[in-house]
Amino acid sequence: MDAFVELSAELTGFSAEELRSTGLVEQYRALAQDASHAEIIELWYTGVWRGVIPSSRAYAEGLAWKAVGVAPPGTRAPGFGSWEHRPRRSSL
Amino acid sequence: MRAVVVGAGFAGSLIAKVLGDNGFSVLVLEAGADTDHDEAVERFRASRVKSPLRPYRTTVAAPSSDYLINTGPFDYASPYLRMNGGTGAAWTGITPRMHPDDFRTADIGRGRNWPISYDDLEPYYRAAEWEIGIAADADEQRQHLPVAEGYRYPMHALPRTYLDRVVASVVDGASIDGHELLVVGTPQARNGKPVDGYRPDGNLCAGYASCVPICPEQAKYTPHRTQKRWSGTVELRTRCVVNRVHADEFGRVTKVSYQRYEDDTTGRHTRHEEEADVVILAAHAIENAKLLLMSGLANSSDQVGRNLMDHPALLTWALMPQPVGPFRGPGSTTGIEAFRGGPERGRRAPFRIEIGNWGWGWSAGSPDSDTAEFVAAGLRGTALRRAVAERVSRQFALQVEVEQEADPANRVTLAAERDALGNPRPSLHYGLSDYVKDGLLAAKRVCDQLFEMLKAEDYTSYKPDEERYFEHNGEPLRYWGAGHGGGTHVMGSSRRDSVVDQWQRCWDHPNLYAVGCGSMPSLGTSNPSITMAALALRTADHLVSSRVEGVLGKMSKAP
């Protein structure tokens, strides 16, 4: 088992598979060696590590946005006119 | 005919195009550098604070608004960008016209009248809307504005957001303080579906939700589009900071001096001069005023730098009872126009309400702030995930632009402090009058009532330790900068009390023009770029039609 992924999943409410699909596990594991739980959550949810965004991928994969079910602004476009429609219920 | 245009932003790029199309030889001198689009998008994504200037290349030699020095009771809150394309690269792309009453603000409210009317400008609004590429529906706009019969905007109105429909279903037809409410589509400078006969430049808006500060799809108009259409007689030189305009003993402008720099990180530069038959300053309201003051020109009225205005914006934010899907598509596609006029304008500033589609992003830093709040409250795992989803998906904001009247005490002067090129930094003395504060407070009360109608849970709070907080009549208030600086080379009907005439020509210098929002005697309640563009095209027309007897004729008539 991967202790960092397991802890991250427990803290964030996202599955190990969801976390791995961000492609950020290795980068975050290296950053978060002596991090508090709150820091680990902030990193996953907002892509911010101690005041800095370590990579544009960290921003694009922010879990806060995934929780809401929208892409972070300026990363992926939902398509012309998509904003007209009633939003989908989030998966939880 | 040799024209020098100072500034390759919104107004400068438009005027250079018309002059170039009509055989002028045009040199555009831009203080800032070029920013590569892909690099800017990448910088936006990787920036912790996604403020308007953030994606763009900065240089030490030509700093943007972060080099302003505030000396007044309030901070001037609006950024601007010194870069090829200017603040027109980072702008929102919202383009409502001014209302006819907004040209008579002294008569019906506070401040100054324009020397021209809405009718004088109307044909140029149409020209600007086609040059820039505006998506709007003329019949819908006629609900609150006179738009010429038979006129079509070049693109159909963008689809409204889901949030707009939720708001409209509740407020349309209701009233507040005797004003009937109606949610009206806001004209947009981003690509929608074209009408017959119009070919959009660039892709359809894809809904990236980052129009400010950058549209990754390039569906939003920026001055770079107009620059691509410049004729071969227009030359652009970036990294050239004009620091003096020279006039002869008769007041006729002869040449400009500029400092050219190569590297981004030092003030190292070389000095140059360029002769011109006509000079057009299009460097931004504050930069135009700075340059006129540094040159000692155009100021017989003592109005250069004065009458600095902005739209102090009031933000209010709340949760809808149901998810509304924020952060999808443009920042705002509709507004409530009912408070832009009315008899109250004699007592307090009028305002325009934008329905804000990007959650509490601008007002409160969502969703990072929500996450931090829930984590601090001890939420973890699924409970945290649910709380963030539940909170953010219901967020919306009202963004209210309040008119600020021309007040000569709000002004740009030259600070003793110098920038890296040795030029004085702009010093701003800025304040809010009781007329503006009363408008902000009235806007707050209207927002309160709208939230109540919508059964929305109000989360608005203004705290004393926050920037730009103040109290008025015992009520906490706060304002944000809308990025709409103007008034600093004000237009008027008399040389005694204004800097430029109705053509944006300096009263004191027959061949010197100062163009842009700095010429506006009032800002009304509209985002000003489309009005700036209409004025620029009107000035360009005037320059083209008067060139024969124009500058040379005036020379022989000089005293």
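Predicted model: local features only at pLDDT ≥ 70, side-chain atom pairs only at ≥ 80, totals over all residues.
Two or more residues are contributed by each of helix H6 (63-68) of chain A and helix H11 (381-392) of chain B. H11(B) provides the largest share, four residues. By residue class, the lining of this pocket contains 14 nonpolar, eight polar and ten charged residues. In this classification Ala, Val, Leu, Ile, Met, Phe, Trp, Tyr, Cys and Pro are nonpolar, Asp, Glu, Lys and Arg are charged, and the others, Gly among them, are polar.

Residues are numbered from 1 along each chain as its sequence is written, and chains are lettered from A, with ligands numbered from 1, in the order in which they are written. Local features need pLDDT of at least 70 and side-chain atom pairs count only at pLDDT 80 or more, whereas totals for chains, interfaces and linings use all residues; side-chain values use heavy atoms, with hydrogens and water left out.

Chain A has six helices and zero strands, where helices (H or I, at least four residues) and strands (E, at least two) are DSSP runs numbered from the N terminus. The C-alpha atoms of chain A fill a box of roughly 45 × 25 × 20 Å along the principal axes.

At the interface, 42 residues of chain A are in contact (heavy atoms within 4.5 Å) with 48 residues of chain B. The buried area, which is the accessible area (1.4 Å probe) lost by two parts on being put together and summed over both, is about 3,700 Å², with 67% given by carbon and sulfur atoms. Polar contacts are pairs of N or O atoms within 3.5 Å; within protein, one must be able to donate a hydrogen and the other to accept it, and residues adjacent in sequence count only if both atoms are side-chain atoms. Across the interface, 13 residue pairs are in polar contact, both residues being at pLDDT 80 or more. On the side of chain A that touches chain B, at least two residues each come from helix H1 (3-12), helix H4 (37-46), helix H5 (56-60) and H6. H4(A) gives the most, with six residues. This side of chain A is made up of 21 nonpolar, 14 polar and seven charged residues.

One salt bridge (a side-chain nitrogen of Lys or Arg within 4 Å of a carboxyl oxygen of Asp or Glu) is found across the interface. It pairs the side chains of B:Arg385 and A:Glu18 at 3.2 Å, N to O. Over all chains, 45 salt bridges are found. One of them joins A:Asp2 to A:Arg29, with the closest N and O atoms 2.8 Å apart. A:Asp2 lies in the segment before H1 of chain A and A:Arg29 in helix H3 (residues 25-31), so the pair ties together parts that are 27 residues apart in sequence.

In chain B, a cis peptide bond joins B:Val212 and B:Pro213, with omega about 5°.
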